[in-house]
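Dear colleague,

Please find the structure below, handed over for your review. My notes on its strands and helices follow.

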Amino acid sequence: MSRTRIRTQQRSRTFLLALSTVLAVSGGTAVALADEPAGATAAAARVDNPYAGAKAYVNPEWSKKAAAEPGGTAVSSQPTGVWLDRIAAIAGGNGKMGLRQHLDAALQQRAGLVQLVIYNLPGRDCAALASNGELGPTEIDRYKRDYIDPIARILGEAKYANLRIVTTIEIDSLPNLVTNTGGRPTATPACDVMKANGNYVKGVGYALKQLGAVPGVYNYVDAGHHGWIGWDDNFAASAQVFHQAATAEGSTVDNVHGFITNTANYSALKEENFRIGDTVGGRSVRESKWVDWNRYTDELSFAQAFRNQLVSTGFRSDIGMLIDTSRNGWGGTARPTRPGPTTDVDSYVNGGRYDRRIHVGNWCNQSGAGLGERPKAAPAAGIDAYVWMKPPGESDGSSKEIPNDEGKGFDRMCDPTYEGNARNNYSKSGALPNAPVSGHWFSAQFQELLKNAHPAV
């Protein structure tokens, strides 16, 4: 779909948007021809695709760790997301950069775009203990007052007005309200609580409203991935929950610039050796154990289709999608070069699929994974960018219980010996051993991601 319309709507801050960027339409995408100098105080005009024509910020903390690894300098200059995963991350300290420091560093780099992950909902990630947060299920007021409001104030400071600030809103939250509640086998008591109290919906709505009021902010709501939302009973239902959240707490769909899929996950971008319409011996690939009646085989086809579903549910027709490709390359010597044998549908799918996880529901520190497509603007129809929102080399969770002061628990899905649960059809976890707490540097994983990168580094 052509994405040529430039957004110029005004936001409810105390100043009007300054038309300080000359825009031209090229190849169906709005491309910036001339940006204000870094640090200018006038807000740049809003654009259809914030990634187009913008130099993205390279997080020096991540870059330093990546460059210190053997071979890491090949990718250490790539832009990655900055995770604000607790209140203390806003101010920083104890050797960690805070939000203002990152924004100031972006200005020093003369970057035009910064990527933030807003990730601290009450009762966060009710289905995965490794990424539990600091706020209890009922602490919605603290979430608003001590987390979202300070972030919004900082982003709205005049000296950052010329930055395009992409905010990835609360990964893994809203999809849990669909797939892990009620009478489903995948339900958890914690997710039932968050559905009942409405604080995921309220929190996302509030974040969208407050952050969306800042002229330079582009909100992208997390939309899970194809191996989570791609089934018939999840697809439309998830879009409806997203619309409910986007219109909660005084927000409107105008505060949603788009959605992001596969954040911190491993689903292959394109499965080229088999497609959803293929049949083997009269049996559809949907009947294979791997696909398991899903409607999608990879992230690109899912993201494009889900975009259409979101528009039909009431979101703007010009929303764009992001796909996190930081760890979904699945390259190396084990990458298939042709379809599997046509003896039966399972052999056909398993022999040809790039994604080598034991089960598509596995999400923690996956063995055999590799770096995926490098960050790139406007790579496909309806896709604003491929991004590395999850910094490669940062752990998904510890492989055993490790006491910490970050509110992060131990999830057995990060334990290599775990035999699974209903959410991965009782399969082995496929996780790497000796992993640290989520967000901490995991050297062995980074080395494996480099080795299995596709495209290769």
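**Strand pairing and helix packing**

Strand β7 and strand β10 (residues 320–324) pair in the parallel sense over four bridges; two strands pair if DSSP finds at least two bridges between them. The bridge partner of F259 in β10 is M321.

The model is a predicted one, in which local features need pLDDT of at least 70 and side-chain atom pairs count only at pLDDT 80 or more, while totals for chains, interfaces and linings use all residues. Residues are numbered from 1 along each chain as its sequence is written, and side-chain values use heavy atoms, with hydrogens and water left out. Helices (H or I, at least four residues) and strands (E, at least two) are DSSP runs, numbered from the N terminus.

Strand β7 (residues 258–261) also pairs with strand β6 (residues 217–222), to which it runs parallel, through three bridges. Here Y220 has G258 of β7 as its bridge partner. Within β7, G258 and I260 point one way and F259 and T261 the other way, and all are buried (under 20% relative accessible area, with exposed over 50% and partly exposed in between; 1.4 Å probe, protein chains only).

Turning to the helices, the axes of α9 (residues 232–246) and α10 (residues 299–313) come within 9 Å and cross at roughly 55°. Axes are lines fitted to C-alpha atoms, for helices over the stretch in contact, and angles run from 0 to 180 degrees between N-to-C directions. On the α9 side, the contact (heavy atoms within 4.5 Å) is made by F235, A236, S238, A239, Q240, F242 and H243, and on the α10 side by F302, A305, F306, Q309, L310 and T313. By class, this contact of α9 with α10 has eight nonpolar, five polar and no charged residues (Ala, Val, Leu, Ile, Met, Phe, Trp, Tyr, Cys and Pro count as nonpolar, Asp, Glu, Lys and Arg as charged, and the others, Gly among them, as polar).

Helix α7 (residues 199–212) packs with α9 at an angle of about 55°, their axes being 7 Å apart, and α7 is therefore oblique to α9. V201, V204, G205 and L208 of α7 meet Q244, A245 and A246 of α9 in this contact. Its residues divide into five nonpolar, two polar and no charged.

Finally, Q445, F446, E448, L449 and L450 are buried in helix α12 (residues 443–451). The cover over the buried residues of α12 includes α1 (60–68).

Yours sincerely

Technical notes: Parallel < 35°, antiparallel > 145°, perpendicular 65-115°, else oblique.
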